[in-house]
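Me: Show me how to read a few features of this model, one at a time.

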Amino acid sequence: MAADVASGTSVVEVDGVTRHYPGVRALTDASMTIRGGEIRALLGRNGAGKSTLIRVLSGVERADAGSVVVAGGRLGAGGVRRAAELGVSTVHQELSLVPGLSVAENMYLGRWPRKGGAVDYPAMRAGAAEVFARLGLDIDPGAPVGSLSLALRQLVEISRAVREQPRLLILDEPTSALAAAEVDVVLDAVTRIASAGVAVLYVSHRLEEIRRIAHTATVMRDGRIVDTVEVAAADTAHIVSLMLGETAGAAERPPERKVDRTGVPLLAVRGLAVPPKVLDVSFDVHPGEIVGLGGLMGSGRTEVLRAIAGFGPASSGTISVEGRLISRPSAAVMKRLGVGMTPEDRKDEGIVPLLGVDENLVMSRMDTVSSGPTVRPGRVRRAAERLIERLSIAAASARTPIVNLSGGNQQKAVIGRWLHAGSRILLLDEPTRGVDVQAKAEIYRLVRQLADSGAGIVFVSGELEELPLVCDRVLALRDGRVASELAGPELTTDSVLSAAMAA
Amino acid sequence: MTVIQTAPEQQRRSVGRFAGGRSLNEIGLIAAILVLYVALGSTAAGFLTLDNQLGMLRDAATVGIAAWGVTLVIIAGEIDISIGPAVAFSSVLVAMGAAEWGLGIGPAILLTLLAGTAWGGLAGWLRARFEVPSFIATLGIWSALGGLGLYLTDALPVVLPRSGLFEVLGGDVLGIPTPAIVMVVLFFVFAYIARYTGYGRSVYAIGGNAPAARMAGINLARVRVLLFATTGLLSAVTGVLLAARLGSGNGGAASGLEFDVIAAVVIGGTALAGGRGTMLGTLLGVAFITVIGNGLVLLGVNSFLQNVVRGVIIVVAVLVNVVLSKRARATRET
C-alpha cells in the first residue's frame, strides 16, 4: 500500500514550525512532509499539539517561527484565505453545517453559484451529486441537512471540503461520533480522495481505523513531533509508547470484585421498550455492582437510561427499585427513590457553565444546605468542599465557575451532584467522553469506589474497550435487545465488541 | 403566487417530503382563514362587501410591508421591535418635510426613506459591531423615535400639503388601494430575495448556525446591518403611505404595530430562534391577523376586549404551529 505513495511528490512541507501561547509551548519545532496521495495519521493525547498544528496548517493560527509550504506555495502570514488558495481544506471536529438548508446549499455555503444574479439551485444540486458520485456516496442533495444521520452529515462535511479540490485535506476526528458500519463509509470515502492524489492528514484516536487506511503515522507529544512511522511496520505497543512517552503496557483488567447477587436487586428492569430503538431490555443491578451497557451508536443505550431515570416515557416494561414496582416513573419520583443520571452531553445537559463548582454540586438537592427557604452559603461551601475532596476534583476553589475545569473534573462534579442528593443508583451515560487518558482512569477508579460503598451503577459507553476495565458485567445491546451478557473471564474487549457488532 | 411553485418539480418533491411540518402550518393557516371567512361572512354584516375587502387589503399593507423585512430579521435569529414608532416618526418626517420645511413632496419622501434606512442601519451596526442585543438596539430606536415624533409635533397632527402624488399613494390605482399594491410587489421582491439571492440564503445560514456561516466566509456584520437597514426602510415606506392616507403626519400613529408585525411573522411559522421561516407563511400570518382584526370591529366587540381576543388567538395559533412542527419532526425521526 505504501509503495505507490512513496513515489509521489511531497505536497506539504512543514519545517521547524513553532507556536507558543502565553505560558504554553503548544507547538515546538515541528517538521514533516506529506506526499500527494498519502494518508497520514496524526496521533497524540489531548494537549499533545495536534490541534495547534492543524490550526497552523489551515491558516487559523500564524506560526511564530518556521515555514509551511503547500504545493510549492508558502503559507506565510496569509491566514485562512491564503491556506484556501493553496488548497488546504479542513473538516473540523464540530460539524459546521446549517441544519435548515439543503445538502447542496450547505456544500456551497457562502459561495452559492449564481445565474443571472439568482442562486442557481440546479447547478448546486448537480455539483453536489457529482462529488457524491466521485466518492461513491448515496446522498440526496435536496434533503435538508437536519434530516440526515450524524454519519451522513459528516460525509456532507467531507464532501464540501472535497468540492473545493484540495491539495491537502485535514480531517479532525471525523469518525469519533460514528458507529462501526458508518465508519466504513467514511473511511472508504477518504481512501478514494487520497487515491486521486490528495494529501490527507487524518487525526484519530482509533488505531484500528488508522491501520485500515493510513500509510504513515506522525505521533505528537508535549507539543513536539516525536516520530513518523510506517503504519504497516509499527505495532500497537510501539505507537502507544510513542504517544505516552513511556512503555505503558496494555491496560489490565482490574481484579475481580465480589458482588452479592442473591439479595433483592437495587434496580430491576423488565421488558423495557422505548420504540423505535429499544424493544425489550431486562436486567438487574445489585448493590455494589457495576453493569455496563455496551452497543454501537443508535443501539438505544441512552434511551434505556433516560427511561429508567424517568425522562423518556417507556411504551412498555416495568422498573422496580429495591423490589418495589414503580408504577409511574417520573423524573421526580425516580430522584426521590435514589436514581441519579449523568447525561452523555456534559456541556449541554450536565453543567451550568458559569455557576461555581459548589452550586453545580448541590443543585440536585437544596434542602440539605438550606434552613427553610433560605439557602445557607456556608453549608453549600462545606458540602461542596467535602465532595471536592472525596472525588478529588481539581478546582482552584469551590466557587470557581465549573466551565474553567477540565472535562474530567467537570464529569466528576456532575457525578458528585448525585452523591450530594444521596443517590444509590447511578446511571452514567458516557462518563468518559471527551476526557483525557488520565482523567478516564480516575473516573474508572471513582466508579469502582462508589460501587464498593454499596451503590449500583449502570455504565454506558460507546468506547466498548473501556467496559471491561470498569464493569463487573456487560450487557451488549443490539437491535433493541440484550444480545448477550458477559461477565468474569469471558468479559474482554474482543467479546464485547463482537457481541455488539455481530449481525 | 408562491415562489415554491415556480421551482422545478424535483425540488418541490424533496421540499414536500422533508418540510411536512412547515407546509402543514401553511395549509392550516389557509384553512383557518377560510373558516374565518365563512364564519364572519355569515355573522358580521358587511364583511364580504367589496369596500370592506379593499379596506382589509389597505390594513394588511400597514402590517405586511414591514413584516417582509421582519421575517428576514427573525430568520436570522434577531428581532426588531421598533416598527410602530418608526412608522409614526416617518409619517411626521414626511409631513414636516413637505409642509413646514418646504422641501417639496419628492425630496420629503426621499429624505424619509433615507432616514429610515439610516436609523435601521444604526441599529444593525450596534448589533454587528458591538454585539448589542438587537432587542435592546431596537428598543432604543423604539423609544427615541416615539419620543421624537411627539416632541417635533407637540403631539398634534401635521397636515400634508395637497398633492397629486400623495393622493395616489393614499388612494388607489384602478380601484385597488395603492399600499396593497406596494405590499404585493414587495412580497414578490422579498420572496425572491429570501430564496434566490446569496444575501437571502446567508440570512438562513446565519440564523441556522452562525459559527458555520462565519467559517464559510459569510460576512455576518454586513448581513446584520443590511437586515435592520431594510426594516428601517420598510417602516419609512409604511409611514409615508400612512401619512398619505390620513392626510397628515401623526407622532402617535401605528401604536402597537410592532407586535402585530411580529405576531404575523410568528403565526406564519417563522421560528423565533432563527433558521426557519418563509415569506409565504408571513403573508398568510398577515392575512390571518388582518381578518381577525376586521371581524372583531364588524362584530362590534368592545375595543378593549378586542385586544384580549387577539391575544388569545395569537397564542393559540402559535401553539398549534409548535405542536404541529414537533409532531412532524417526531414522524420524520421514526
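Me: Is A123(A) buried, exposed or partly exposed, and why?

Reply: Count C-beta atoms, placed from the backbone, within 10 Å of the residue's own: 20 or more others means buried, 12 or fewer exposed, in between partly exposed. A123(A) has 15 C-beta neighbours inside 10 Å, so it is partly exposed. This is a predicted model: local features need pLDDT of at least 70, side-chain atom pairs count only at pLDDT 80 or more, and totals for chains, interfaces and linings use all residues. Residues are numbered from 1 along each chain as its sequence is written, while chains are lettered from A and ligands numbered from 1 in the order in which they are written.

Me: Which residues does A123(A) touch, not counting those up to four places away in sequence?

Reply: Contact means C-beta atoms, placed from the backbone, within 7 Å. A123(A) touches P113(A) and K115(A) on that count. A123(A) sits in helix α5 (residues 121-135) of chain A; helices are DSSP runs of H or I, at least four residues, and strands are runs of E, at least two, numbered from the N terminus.

Me: How many residues of α6(A) are buried?

Reply: Twelve of the 14, so α6(A) is largely enclosed by the rest of the structure. Among them are L152(A), R153(A) and I158(A). Q165(A) follows α6(A), with a positive phi near 50°.

Me: In what order do the six strands of the open sheet run?

Reply: Strands of a sheet pair through backbone hydrogen bonds, parallel or antiparallel. Here pairing needs at least two DSSP bridges. The order is β6-β9-β10-β3-β11-β12 in chain A, with mixed pairing. The edge strands are β6 (88-91) and β12 (224-230) of chain A. β11 (residues 216-221) of chain A pairs antiparallel with β12(A) over six bridges.

Notes:
Two residues are in contact if their C-beta atoms, placed from the backbone, lie within 7 Å.
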